[in-house]
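Welcome! Take a look at it first, and then we can go through it topic by topic.

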Amino acid sequence: MAGVGPLTQDWEPVVIRKKPLNAAARKDEKAVNAARRSGAEIETLRKSHAGTNKAASSSTSLNTRKLDEETENLAHDRVPTELKKSIMQARMDKKLTQSQLAQMINEKPQIIQEYESGKAIPNQQIIVKLERALGVKLRGKK
């Protein structure tokens, strides 16, 4: 090896990448934190309509206007007084508790409680189940 000077080492780091970072990698939390530590500039942008459902927000003004113009008070149908009294009376005649009756018709005890207090919205399927379990006619003429 004649003619070659003294050997020196190059201590500069060499970074080899197959491809440049894509946009998703640059937005990665780790990459952003690394850039902050190194003192690089970080640009943050706020999108004006980010996280909104355009389909829902576009029709809200129309629905809101219709609701504001509506003058009629609308409410759900409730269990009539005669129905709730007849359910209670039939249950008492059979000596059942609300939870026992609910178990017989495969419903929650809360359903029976709501029907007897008059807070429930009438459901014909549940009324039919109650008629079968109690052996009384709850709908229509007696």
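Let's begin at one residue: setting aside neighbours within four places in sequence, arginine 91 is in contact with Leu96, Thr97, Gln98, Leu101, Glu116 and Leu134. Please keep in mind that this is a predicted model.

**Arginine 91**
- Is arginine 91 buried or exposed? Its relative accessibility is 7%, under the 20% cut-off, so arginine 91 counts as buried.
- The side chain of arginine 91 also reaches the backbone oxygen of leucine 96, at 2.9 Å.

**Helices α4 and α6**
- Two packed helices are described by the angle between their axes and by the distance between those axes.
- For helix α4 (residues 81–93) and helix α6 (residues 109–117), the axes come within 7 Å and cross at roughly 125 degrees.
- α4 and α6 are therefore oblique to each other.
- On the α4 side, the contact is made by Lys84, Ile87, Met88 and Arg91, and on the α6 side by Tyr115, Glu116 and Ser117.
- Sorted by class, this contact of α4 with α6 has three nonpolar, one polar and three charged residues.
- An α-helix has 3.6 residues a turn, so residues three or four places apart point the same way.

**Helix α7**
- Which residues of helix α7 (residues 124–134) are buried? They are Ile126, Ile127, Leu130, Glu131, Ala133 and Leu134.
- The cover over the buried residues of α7 includes α4, α5 (98–104) and α6.
- One of the buried α7 residues, Leu134, is also among the contacts of arginine 91.
- At the start of α7, a side-chain oxygen of asparagine 123 reaches to within 3.1 Å of the backbone nitrogen of glutamine 125.
- After α7 comes glycine 135, which has a positive phi, near 70 degrees.

**The whole chain**
- How many helices and strands does the protein chain have? It has seven helices and zero strands, and its pattern along the sequence reads α-α-α-α-α-α-α.
- Of the 142 residues in the protein chain, 17% are buried.
- Among contacts with a separation of 6 or more, 51% are between residues 24 or more positions apart.
- The protein chain exposes about 12,800 Å², and carbon and sulfur atoms supply 52% of that area.

Definitions and conventions
Residues are numbered from 1 along each chain as its sequence is written. This is a predicted model: local features need pLDDT of at least 70, side-chain atom pairs count only at pLDDT 80 or more; totals for chains, interfaces and linings use all residues. Side-chain values use heavy atoms; hydrogens and water are left out. Axes are lines fitted to C-alpha atoms, for helices over the stretch in contact, and angles run from 0 to 180 degrees between N-to-C directions. Helices (H or I, at least four residues) and strands (E, at least two) are DSSP runs, numbered from the N terminus. Angles under 35 degrees count as roughly parallel, over 145 as roughly antiparallel, 65 to 115 as roughly perpendicular and the rest as oblique. Contact means heavy atoms within 4.5 Å. Ala, Val, Leu, Ile, Met, Phe, Trp, Tyr, Cys and Pro count as nonpolar, Asp, Glu, Lys and Arg as charged, and the others, Gly among them, as polar. Buried means under 20% relative accessible area, exposed over 50%, partly exposed in between (1.4 Å probe, protein chains only). Accessible areas come from the Shrake-Rupley method with a 1.4 Å probe; for residues, only the protein chains shown count as cover. A polar contact is a pair of N or O atoms within 3.5 Å; within protein, one must be able to donate a hydrogen and the other to accept it, and residues adjacent in sequence count only if both atoms are side-chain atoms.
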